[in-house]
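Hi,

Here is the structure I promised to pass on. My notes follow below it.

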Amino acid sequence: MRFGYDPQREILHGISFTVPAGRTLAIVGPSGAGKSTIARILFRFYDIQSGSVTIDGQDIAAVTQQSLRAAIGIVPQDMVLFNDTIGYNIAYGREGASQAEIEAAARAAQIHDFILGMPQGYDTRVGERGLKLSGGEKQRVAIARTLLKDPPVLVLDEATSALDSRTETEIQTVLRDISRKRTTLVVAHRLSTVVDADEIIVLDQGRIVERGAHADLVRADGLYATMWARQATERDAPVAEGEDGADREPAAPLL
Ligand SMILES: Nc1ncnc2c1ncn2[C@@H]1O[C@H](COP(=O)(O)OP(=O)(O)O)[C@@H](O)[C@H]1O
Ligand SMILES: [Mg+2]
């Protein structure tokens with residue numbers, strides 16, 4: 001599959017991979033490599049220039065956007081919320097969800113207590129694009145929404161990058177749990193979160209430069225091994241919250 005946002009500037013130069021049903025595929029690589037672009041293509045925010053993308057044997061270009069988006073749950077890197085209540089923003093994950101289901105999802109995403117701590121609880125308005133919430137809070141709302149949606153295909157794009165490392169560990173446990181049962185594509189900045197993926201793809205400048213399981217990639221002593229070694233030093237000397245180097249990019253309206 002090949003793709004460029006602008007036909008004059010190709011971003012993905014011939015990417016090919018398969019995620020077997022129920023498995024987890026991780027995409028890692030430097031900022032700007034094209035990881036989020038792949039997630040956006042899956043959700044059909046953009047159409048590719050050549051090649052094809054199929055989900056469960058069906059070309060995504062041939063199915064309705066509605067059925068495609070019903071099948072996939074995305075926790076994007078930068079969540080844009082509706083200018084409505086926090087409850088509404090979670091409930092958007094599944095039409096007709098009960099308050100109890102909404103709260104269960106919020107609890108699993110570790111945002112329920114925070115919500116109850118606000119004067120208006122679930123009726124608190126989040127502001128334009130959710131600007132009254134921090135990045136981590138927005139990310140948790142996105143996770144709660146996706147937990148509520150409970151989709152067969154899960155796409156996590158640096159889903160925990162805006163969280164401090166303790167919360168990240170807690171949410172990772174939740175995400176790992178829900179991804180066990182379903183087909184998952186995870187884009188990760190912190191490699192420690194993908195060590196148990198069935199396959200890891202290392203993307204660099206729009207090309208797959210390495211692929212395999214964690215142990216194989218470490219042994220191969222290439223880009224992945226270099227990134228792994230660098231992050232090992234960071235793990236030994238943790239940096240201050242919010243300064244972990246996770247790449248932030250302008251908001252893309254993913255849901
Ligand atoms: N909406 C867009 N329009 C044009 N170029 C874009 C857009 N989004 C991303 N790009 C470019 O595509 C490349 C890959 O971006 P992205 O997929 O976001 O990288 P990653 O997620 O790996 O950091 C970058 O060079 C980026 O500048
Ligand atoms: Mg990205």
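**Salt bridges and a helix pair**

At 39% relative accessibility, Asp216 is partly exposed (buried is under 20% relative accessible area, exposed over 50%, partly exposed in between; 1.4 Å probe, protein chains only). This is a predicted model: local features need pLDDT of at least 70, side-chain atom pairs count only at pLDDT 80 or more, and totals for chains, interfaces and linings use all residues. Residues are numbered from 1 along each chain as its sequence is written, and side-chain values use heavy atoms, without hydrogens and water.

Asp216 forms a salt bridge with Arg219, with the closest N and O atoms 3.5 Å apart (a side-chain nitrogen of Lys or Arg within 4 Å of a carboxyl oxygen of Asp or Glu). Both residues lie in helix H8 (residues 214–220), three residues apart (helices are DSSP runs of H or I, at least four residues; strands are E, at least two; both are numbered from the N terminus). Arg219 is exposed, at 63%.

The count is eight salt bridges. Another one joins Arg176 and Asp196 (3.5 Å, N to O). Arg176 lies in helix H7 and Asp196 in the loop between strands E8 (183–187) and E9 (199–204), so the pair ties together parts 20 residues apart in sequence.

H7 (residues 165–180) also packs with H6 (residues 135–149), at an angle of about 15 degrees and with axes 12 Å apart (axes are lines fitted to C-alpha atoms, for helices over the stretch in contact; angles run from 0 to 180 degrees between N-to-C directions). H6 contributes Arg140, Ile143 and Leu147 to the contact (heavy atoms within 4.5 Å).

Best wishes

How values were computed:
Chains are lettered from A and ligands numbered from 1 in the order in which they are written.
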